[in-house]
Amino acid sequence: MGGAEPRAAERGRAPWPPIDLLGRIRHDPTHMAERAALFGVERLGRESVERLAKMRAKVPPDRLKDTVVERGVHTAIAEGAFVGGPFIGLIPVMFCAALLAQGRMVLELAELSGRSATDPERAVDMLVLQGAYPTRDEARRAIAELPEPEPAAHVPEGPAEGEPAPKLSLREWLHVVERMAYVLGVISPGGSSAAAAGRLRYLRWAAVALLVAVGLMLPFVWVPVLGVAYRSATLRLATRASILFGLVEDERDEATKTRGRGRVRPLAMLVALRTIAVLVVPFAVSVLMVFTGAHIANQRWLAVAAGVVGVSIGSCLVWRFRQWRRTGH
């Protein structure tokens, strides 16, 4: 863990951070939260310092904290909601993207408070803020006891330089995704008793299964659903970080006012509009295909299904292209 300098210069162009992070988690799924926290400081620490310096030149001092939070919420939604339909398998990648967006926001808030965003101690802060550990001492101890990563864990997409990444079973992947969702704040921990926690877990997975089934037919249903979850979770994380770093005194201070108003509010409107679009656009395409008499292999329902899926895939690809143009990844 000795330092937070990025390794991009050592390897040329580094892979997209969510893919890189997922490769490390795949090598060590047991320590997913710790690996993500350390990776965030390593890859995003210096970037956070530079981003905050640019913001200082453009944003009034009294708006800096709110701007950092707004950008963090927007990025978590924009980079973490590209799932659904044929892209359902991207859930782990997009959860990694949302984790890194939240981590970047926390690092920028730390830098704003006078704490170095490149200090490995920020990984300890992140683990406490995410609820992975109740105290800083426990989080620090967990990081210190991490096993050394395999060489291949740092180059997940390159040629084998060590042991290949282990293949996780479906059960293991589901457990990793569940832990990601918990660390992200998308789901809450179980009840106080083991029985209550078990029942809650089954109900939660039943709801997820239903959402997956709907999302396979209407891929963009995931965007508004995850948009609401990311917005709420990231705002809660921003409040806890602001308190921890001394930017506000308690939850009744200005940090929590962004829940109800401010420039973050239009994101809720955008999520609502996307939800309406999710319902209206596929229905409109279906009606159009029916009234035009289109058919495939003499089957009208095949034409309707192809039209809905085509619109969904096209929308996803356009959205991803816009993200690539904006971020370079």
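Read along the sequence, the chain follows the pattern α-α-α-α-α-α-α-α-α-α-α-α. The secondary structure of this predicted model thus comprises 12 helices and zero strands.

The chain has 329 residues, of which 43% are buried. Among contacts with a separation of 6 or more, 71% are between residues 24 or more positions apart. The chain exposes about 17100 Å², and carbon and sulfur atoms supply 61% of that area.

The largest cavity has a volume of about 100 Å³. Its lining consists of 13 residues, and those closest to the centre of the cavity are Ala-36, Ala-37, Gly-40, Gly-103 and Met-126. Two or more lining residues come from each of the helices α3 (32–58), α5 (91–112) and α6 (121–129). Helix α3 gives the most to this lining, with five residues.

| Class of lining residue | Number of residues |
|---|---|
| Nonpolar | nine residues |
| Polar | three residues |

In summary, the model contains 12 helices and zero strands, and the largest cavity, of about 100 Å³, has a lining to which α3 gives the most residues.

How values were computed. Residues numbered from 1 in each chain as written. Predicted model: local features only at pLDDT ≥ 70, side-chain atom pairs only at ≥ 80, totals over all residues. Heavy atoms only, no water. 1 Å grid on protein atoms, 1.4 Å probe; cavity = no way out; pocket = protein on both sides within 12 Å on 5 of 7 lines; lining within 4 Å. Points joined across faces, edges and corners; volume = space filled by probe spheres on them. Helix = DSSP H or I, 4+ residues; strand = E, 2+ residues; numbered from the N terminus. Nonpolar A, V, L, I, M, F, W, Y, C, P; charged D, E, K, R; others polar. Buried < 20%, exposed > 50% of the residue type's maximum accessible area, 1.4 Å probe, protein only. Contact = heavy atoms within 4.5 Å. Areas by Shrake-Rupley, 256 points an atom, 1.4 Å probe, with all protein chains shown as cover.
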